Amino acid sequence: MVGEGWLLITLTLLVISIITAQVPLLLLTTLVFLSGLLVRVWSHFALARVSHEQRLSHDHAFFGETVEVDVSVSNRKMLPLPVVQVTLEAPDELRVLRGSVTPAAGNPFRVNLTSFLAVGWYRRVTRRYLVECTKRGYYTFGPSTMSVRDPFGFTSRDAGFSSTTRLVVYPRVLPLRALGLPSTEILGERRVRRQLFEDPLRIVTSREYVSGDPLNRINWRATARQGTLQTRVLESTSTPNVAVFLDVNTMSSRFQAPSEPLLEGAVSVAASIASHAIAARYEVGVYANEAYRGTREMIRFAPSRNPGHLTRVLTGLAHPMGWPMHSIDRMLSTEGRSIPWTASILVVTAVPTPQLIGTLRRFTRAGRRVALALVGDGAGAAISSDIPTYVVPQSALHGHAATLEVVTS
């Protein structure tokens, strides 16, 4: 209605009505001409000095918590915007408690958060969504689109925004209960209960440098050999070490898809044990045989008692999707060389393969302290009696239990 041809026709009728002195036609064509001109001017300046942004109340959350998602439109000009539609892509795995949700076209794992706003001149309007973190993971909100319509609904101007906002949902961290043994036994005993200083002459091994390590502990020879900064690990009996190995494999054959309940249970068990050990002032290392999403970098954290270590561990454990890059026994053999000899090694798995059991037995014969945590009902494989084994039954993985039920095998 507001194209150049239509305006030309309207202007022609306006001239004819003036010449023929047709007052009704003059009024009608004048109204149509001014309306069309107004729509064209409005359409030209509709998106000028208009901005859009999305913001999360938190960039990380624990399982079961809620996060607020704010969608804002700012109009910094005199021209009002009576109808503004903003569509923000969001993950389908999270539950939207408040706000309009529609399926995203062409993507079954995404939904659209759609907002209809009326923004006056020099105003900022915000629509708030409430999202419940019902699943562990690493999520993105965005990209988004904005459509601005004229007051008569004849035209619209569209704009796309490629910016995304990230949200990390930590795995469930549950208290350990009903282990059958004191929790300190699964982590390893403290050889000496009180020691103020580490012995600088008793170097156990070297590991990769992490933020917070003292600079005077850098092992320059190992750094030159490995190509990355290495830190000397001193034997310290007041801060024992524990290494948690998470096996993300839940498939008994290569033709199966990952089992989500088993994977979530294994991740939750590993996160809970790591959190419990860190709270007990252990130096905790966590290793998973899967890479961060979208990368080839393996999920691995050398033993550390840095104040932010637990946060980094939980962030890393938000990434696994159940597609291992290597077998857990291969990773255990590789990483075990850099783990302090006095460290306790705990493997969490749903599929105890013969290769894994053989690797654990070799570690046991070499004098290392190892333990195995089996997840799920299918974990009833025959385990060697010389390997301490703990079973998390399938019934303990269902629902939102307040505690992690673990029984000894």
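The structure is a predicted model, in which local features need pLDDT of at least 70, side-chain atom pairs count only at pLDDT 80 or more, and totals for chains, interfaces and linings use all residues. Residues are numbered from 1 along each chain as its sequence is written, and side-chain values use heavy atoms, with hydrogens and water left out.

**Confidence**

- The chain has a mean pLDDT of 81, and 78% of its residues reach 70 or more; pLDDT is the predictor's confidence in each residue, from 0 to 100.
- Over residues 178-182 pLDDT stays under 50, and the model has eight contacts there beyond four places in sequence. A contact means heavy atoms within 4.5 Å.

**Nonpolar cores**

- A nonpolar core is a set of buried Ala, Val, Leu, Ile, Met, Phe, Trp, Tyr and Cys residues joined through side-chain atoms within 4.5 Å. Buried means under 20% relative accessible area, exposed over 50%, and partly exposed in between (1.4 Å probe, protein chains only).
- The largest core has 36 residues, of which Leu 246, Val 284, Val 286, Leu 317, Val 348 and Val 375 touch the most other members.
- Elements that each supply at least two residues of this core include β16 (241-246), α5 (260-279), β17 (283-291) and β19 (344-349). Helices (H or I, at least four residues) and strands (E, at least two) are DSSP runs, numbered from the N terminus.
- Helix α5 gives the largest share of this core, ten residues.
- A second, separate core of 29 residues includes Trp 42, Leu 81, Val 148 and Leu 167.
- Beyond four places in sequence, Leu 317 touches Arg 136, Pro 171, Leu 246, Val 267, Ala 270, Ala 271 and Val 286.

**Salt bridges**

- A salt bridge is a side-chain nitrogen of Lys or Arg within 4 Å of a carboxyl oxygen of Asp or Glu, and the count by this rule is ten.
- Glu 68 and Arg 128 form one of them, at 3.6 Å from N to O. This pair links distant parts of the chain, strand β3 (residues 66-75) and strand β8, 60 residues apart.
- Arg 128 also forms a salt bridge with Asp 70, with the closest N and O atoms 2.7 Å apart. Asp 70 lies in strand β3, 58 residues from Arg 128.
- Asp 70 is buried at 5% relative accessible area, whereas Glu 68 is partly exposed at 29% and Arg 128 is partly exposed at 39%.
- Arg 55 is in strand β1 (residues 50-56), and its C-alpha atom is separated by 8.2 Å from that of Glu 68.
- Asp 386 and Arg 361 form another salt bridge, the closest N and O atoms being 3.8 Å apart. Asp 386 is in the loop between β20 and β21, and Arg 361 is in helix α8 (residues 354-365).

**Other residues**

- Glu 132, in strand β8 (residues 123-132), is buried because its relative accessible area is 19%.
- Leaving aside neighbours within four places in sequence, Glu 132 contacts Gly 64, Glu 65, Thr 66, Leu 94, Arg 95 and Leu 97.
- Phe 154 is in the loop between β10 (144-149) and β11 (156-161) and is partly exposed, at 46% relative accessible area.
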